[in-house]
Amino acid sequence: MQIPHDTRRALDVVVALVNTTAEADQPDGLSDVGALRGFVQEHAISDVGDLSSRDLAGVRTVRSKFAQVFAAPDSRAASVLINELVATAGTTPQLTDHDGYDWHVHYFAPGASVGDHLAADGGMALAFIVVSGEQERLRRCEAPDCRRAFVDLSRNRSRRYCDSRTCGNRLHVAAYRARRKEADAGPTERERSEQEQIVHGGEQQQDADHT
């Protein structure tokens with residue numbers, strides 16, 4: 001699947017933002033304004049001024065909307081959420097080549113809050129996925145103890161885990177160990193009983209054949 005660089009980058013930010021949500025074993029990654037400032041710096045989000053508690057609340061709202069898009073059952077439901085996001089943000093497409101990047105499009109309006117900035121750019125990136133008929137690529141990790149969001153960019157849409165080197169390998173190792181443990185333990189009492197029934201059934205059939 002071919003995705004323009006700026007769209008891919010916006011999707012990366014969407015995923016990172018969704019994955020800051022508090023989980024059972026993970027605190028909220030946007031616990032305060034300082035954490036929001038760190039997120040902005042880590043992901044090189046441009047045109048962001050001083051941040052406040054109001055910005056924090058706005059970004060958390062956008063985060064919730066993004067998470068709902070990942071959970072949307074179909075493209076129509078996803079489109080409703082995305083349309084709300086970009087409409088609220090006051091989307092204003094502009095060509096820009098800031099900071100040495102080639103020409104690309106920013107969708108947020110000049111002077112927009114960081115929440116509107118993320119809603120506009122992230123919303124349009126998600127719109128690209130839906131319009132391309134690729135909504136099913138917006139996924140959650142299938143590891144039982146992990147629900148992190150990710151965008152499946154594999155050719156055959158076969159990716160199941162947020163990171164194959166961690167969640168994927170961990171589950172494969174666990175499954176391998178379970179198989180080895182089962183093999184070392186030998187057949188269970190139920191399996192032995194079933195095997196005996198098969199053997200006795202065969203013997204009875206042989207006796208019947210000879211009579």
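**Helix packing and loop residues in the predicted chain**

In helix α3, the buried residues (under 20% relative accessible area, with over 50% counted as exposed and values in between as partly exposed, for a 1.4 Å probe and protein chains only) are D55, L56, V59, V62, R63, F66, A67, V69 and F70. Seen down the axis of α3, these buried residues fall within an arc of 150° (taken from the directions that lead from the helix axis to the C-beta atoms), and they therefore line one face of the helix. The model is a predicted one, in which local features need pLDDT of at least 70 and side-chain atom pairs count only at pLDDT 80 or more, whereas totals for chains, interfaces and linings use all residues. Residues are numbered from 1 along each chain as its sequence is written, and side-chain values use heavy atoms, with hydrogens and water left out.

The chain as a whole contains seven helices and four strands, where helices (H or I, at least four residues) and strands (E, at least two) are DSSP runs numbered from the N terminus. Read from the N terminus on, these elements follow the order α-α-α-α-β-β-α-β-β-α-α. Of the 211 residues in the chain, 34% are buried. The chain exposes about 13200 Å² (by the Shrake-Rupley method with a 1.4 Å probe; for residues, only the protein chains shown count as cover), and carbon and sulfur atoms supply 49% of this area. When contacts (heavy atoms within 4.5 Å) are taken between residues at least 6 apart in sequence, 52% of them join residues at least 24 apart.

The face of α3 that is turned away from its buried side carries S53, R54 and A71, which are exposed. Several elements take part in covering the buried residues of α3, and they include the helices α1 (5-18), α2 (33-42), α4 (75-89) and α5 (114-131), together with the strands β3 (138-140) and β4 (149-151).

Helix α1 has 14 residues, and the distance from its first C-alpha to its last is 20 Å, close to the 20 Å expected at 1.5 Å a residue. The buried residues of α1 are T7, A10, L11, V13, V14, V15, A16, L17 and V18, and the elements against which they pack are α2, α3, α5, β3 and β4. In helix α2, the buried residues are L36, F39 and V40. Seen down the axis of α2, these residues fall within an arc of 100°, so they line one face of that helix. On the other side of α2, both Q41 and E42 are exposed, while the cover over the buried residues of α2 includes α1, α3 and α5.

The loops between these elements were examined at the level of single residues. In the loop between α1 and α2 lies Q26, which is partly exposed, with a relative accessible area of 24%. With residues up to four places away in sequence not counted, Q26 touches N19, T20, T21 and R148. A44 is partly exposed, and its relative accessible area is 45%.

The loop between β4 and α6 (164-185) contains R157, for which phi is near 55°, again a positive value in a residue other than glycine. R157 is partly exposed, with a relative accessible area of 29%. R159 also belongs to the loop between β4 and α6, and at 31% relative accessibility R159 counts as partly exposed. Residues touched by R159, not counting those up to four places away in sequence, are R139, F150, V151, D152 and S154. Between R159 and E142 there is a separation of 17 residues in sequence, and their C-alpha atoms are 9.5 Å apart in space.

Key
Expected span 1.5 Å × (residues − 1).
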